[in-house]
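Hi,

Here is the structure I promised to pass on. Have a look at it first, and then read on for what turned up.

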Amino acid sequence: MQIRTLINADQKAAELFLSGHAESSMFMRSNMARAGPIYNGQPFSGEYWGAFAQNEIIGILAHYWNGNVMMQAPDSDVLDALIDAFQKNMKRPLKGVLGPD
């Protein structure tokens, strides 16, 4: 598994992954559709980390402009790896964690 920040070229793959989890990813999908996958400090923008296996996204964690974090990672090992990467690379304060338990 590889974890890295998402770039513009990853947006289609991210949407494909998130659409497979539509009920619990609507805010992530909406924010990325409005602002793209690159953080710029503007409303709805976020810094996105993707977990990849064989060049396919298997999990996403996003830290948004307002300090909130959302994630979509059906596999707990993937979620743990995303959280570790986020904690090591976090550049802004964390204000809240949103999403299904």
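In what order do the strands of the open sheet come? Before the answer, one caution: this is a predicted model. The order is β1-β2-β3-β4-β5, five strands with mixed pairing. At the edges sit β1 (2-5) and β5 (96-98), each of which pairs on one side only. From one strand to the next, the twist averages 20°. If you zoom in on β4 (residues 68-72), you'll see that β4 and β5 pair in the parallel sense, with three bridges between them. Within that pairing, M70 stands opposite L98 of β5.

Now the helices on the sheet. α1 packs on the sheet and touches β3 and β4, with its direction at about 95° to that of β3. α2 lies across β2, β3 and β4 and runs at about 80° to β3.

In soluble globular proteins, nonpolar side chains tend to be buried together. Here the largest nonpolar core has 13 residues, and the members that touch the most others are L6, A14, M28, Y48, I57, I60 and Y64. Two or more residues each come from α1 (11-19), α2 (26-35), β2 (46-53) and β3 (56-64). β3 gives the largest share of this core, with four residues. To see how one member is surrounded, select I57: leaving aside residues up to four places away in sequence, I57 touches L6, D10, A13, A14, F17, A51 and F52. There is also a second, separate core of nine residues, with W49, A51, L82 and F86 among them.

How many aromatic pairs does a search of the whole structure find? Four. In one of them, the ring centres of F44 and W65 are 5.3 Å apart, and the pair is tilted because the planes are at 45°. This pair links distant parts of the chain, 21 residues apart: F44 is in the loop between α2 and β2, and W65 is in the loop between β3 and β4. F44 is partly exposed, at a relative accessible area of 26%, and W65 is partly exposed too, at 31%.

Another pair is W49 with F86, which is edge-to-face, at 5.3 Å centre to centre and 75° between the planes. This one also joins distant parts of the chain, since W49 belongs to strand β2 and F86 to helix α3 (residues 76-89), 37 residues apart. W49 is buried, with a relative accessible area of 3%, and F86 counts as buried at 5%. Both residues belong to the second core.

Finally, F44, Y48, Y64 and W65 form one aromatic cluster, and two of its members, Y48 and Y64, are also in the largest nonpolar core.

Cheers

Conventions
Residues are numbered from 1 along each chain as its sequence is written. This is a predicted model: local features need pLDDT of at least 70, side-chain atom pairs count only at pLDDT 80 or more; totals for chains, interfaces and linings use all residues. Side-chain values use heavy atoms; hydrogens and water are left out. A nonpolar core is a set of buried Ala, Val, Leu, Ile, Met, Phe, Trp, Tyr and Cys residues joined through side-chain atoms within 4.5 Å. Buried means under 20% relative accessible area, exposed over 50%, partly exposed in between (1.4 Å probe, protein chains only). Contact means heavy atoms within 4.5 Å. Two strands pair if DSSP finds at least two bridges between them. Axes are lines fitted to C-alpha atoms, for helices over the stretch in contact, and angles run from 0 to 180 degrees between N-to-C directions. Rings of Phe, Tyr and Trp (its six-membered ring) pair if their centres lie within 6.5 Å; planes under 30 degrees apart count as stacked, over 60 as edge-to-face and the rest as tilted.
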